[in-house]
Amino acid sequence: MSKIIGIDLGTTNSCVAIMDGGSVKIIENSEGDRTTPSIIAYPKDSEEVLVGQPAKRQAVTNPENTLYAIKRLIGRRFDEDAVQKDINLVPYKIVKADNGDAWVEVKGKKMAAPEISARVIEKMKKTAEEYLGETVTEAVITVPAYFNDSQRQATKDAGKIAGLNVKRIINEPTAAALAYGMDKLTGDKTVAVYDLGGGTLDVSIIEMEDIDGEKHFEVLSTNGDTFLGGEDFDQRIISYLVKEFKKDQGVDLSKDNMALQRLKEAAEKAKMELSTTNETDINLPFITADAGGPKHLNMKLSRAKFESMVDDLLEKS
């Protein structure tokens with residue numbers, strides 16, 4: 001019997017895991033990372049489809065053909081408020097399908113959200129198959145607790161398109177509680193799960209009950225912000241770098257797509273480094289050039305400075 005894989009299909013990043021003996025093994029992808037960006041891109045000059053890190057690397061230079069945060073559209077109608085808000089925030093084209101669903105249009109082709117998400121699930125499936133050395137046909141996929149039946153079904157459909165029989169759709173806070181061993185605790189418990197992801201924030205209250213020796217999970221309430229996540233923290237660093245560079249060198253990097261792509265990558269790296277160090281160096285040689293020759297960006301960012309920059313975001317959460 002082939003293994004059933006577990007997929008965390010995230011707004012910003014996704015990952016895949018299996019049960020290995022009695023413990024969970026998160027599988028590294030072909031780039032050696034445990035998470036894969038939930039990004040799909042269609043390069044301007046080829047028919048190839050990029051998924052994950054390769055898609056992320058060209059996002060700033062090919063914005064209208066790079067699809068991200070598709071999870072916000074899955075199973076939604078075009079006229080919904082959340083979709084209308086998204087239209088003003090993303091560089092790619094969100095269109096109304098004949099049945100009223102929110103679809104995307106890339107290079108003149110209209111596609112449904114499950115079709116796009118299926119590309120990410122396919123990558124997760126392939127990652128697991130390369131690790132296991134066998135074909136994978138079944139999966140469990142997590143979704144936010146607030147997803148309605150239409151969104152859950154659309155996620156199942158995405159799994160099916162990717163060639164998987166989705167055995168179960170599990171609420172993300174329930175999956176988090178299980179991952180932290182909450183099911184091993186005895187007696188009834190009420191737990192708060194705070195999930196600050198790359199693009200969304202979810203806070204859920206879960207009730208766990210012992211019924212006939214088995215743990216039963218019920219999500220009592222859930223709330224959050226579907227437009228607040230780690231990327232907003234990255235953006236604060238990018239804005240700071242642009243402002244400081246302009247003050248120092250007189251050049252506005254926000255008008256330069258190639259420079260912005262490098263700033264985006266450097267900002268995310270700096271944020272991660274500041275989790276374990278008190279100060280990080282952001283060094284981007286040849287970031288731009290003017291009549292006087294090439295310009296280099298070299299700045300230090302302390303954890304205290306970064307925390308003050310994102311203080312309001314944390315308060316908001």
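Reader: Is A69 buried or exposed?

Author: This is a predicted model, in which local features need pLDDT of at least 70 and side-chain atom pairs count only at pLDDT 80 or more, while totals for chains, interfaces and linings use all residues. Residues are numbered from 1 along each chain as its sequence is written, and side-chain values use heavy atoms, with hydrogens and water left out. Buried means under 20% relative accessible area, exposed over 50% and partly exposed in between, with a 1.4 Å probe and protein chains only. With a relative accessible area of 3%, A69 is therefore buried.

Reader: What is the phi of A69?

Author: A69 belongs to the loop between β7 (66-68) and α2 (81-87), where helices (H or I, at least four residues) and strands (E, at least two) are DSSP runs numbered from the N terminus. Most residues other than glycine have a negative phi. A69 is not a glycine, yet its phi is positive, near 55°.

Reader: What is the relative accessibility of K107?

Author: K107 also has a positive phi without being a glycine, about 50°. K107 sits in the loop between β9 (102-106) and β10 (109-112). K107 counts as partly exposed because its relative accessibility is 43%.

Reader: At what angle do helix α6 and helix α7 pack?

Author: Two packed helices are described by the angle between their axes and the distance between the axes. The axes are lines fitted to C-alpha atoms over the stretch in contact, and angles run from 0 to 180 degrees between N-to-C directions. For α6 (residues 230-249) and α7 (residues 257-273) the axes are 9 Å apart, and the angle is about 120°.

Reader: How many residues of the contact of α6 with α7 are charged?

Author: Contact means heavy atoms within 4.5 Å; among the residues involved are F233 and I237 of α6 and L263 and A267 of α7. Ala, Val, Leu, Ile, Met, Phe, Trp, Tyr, Cys and Pro count as nonpolar, Asp, Glu, Lys and Arg as charged, and the others, Gly among them, as polar. The contact has eight nonpolar residues and one polar, and its charged residues number four.
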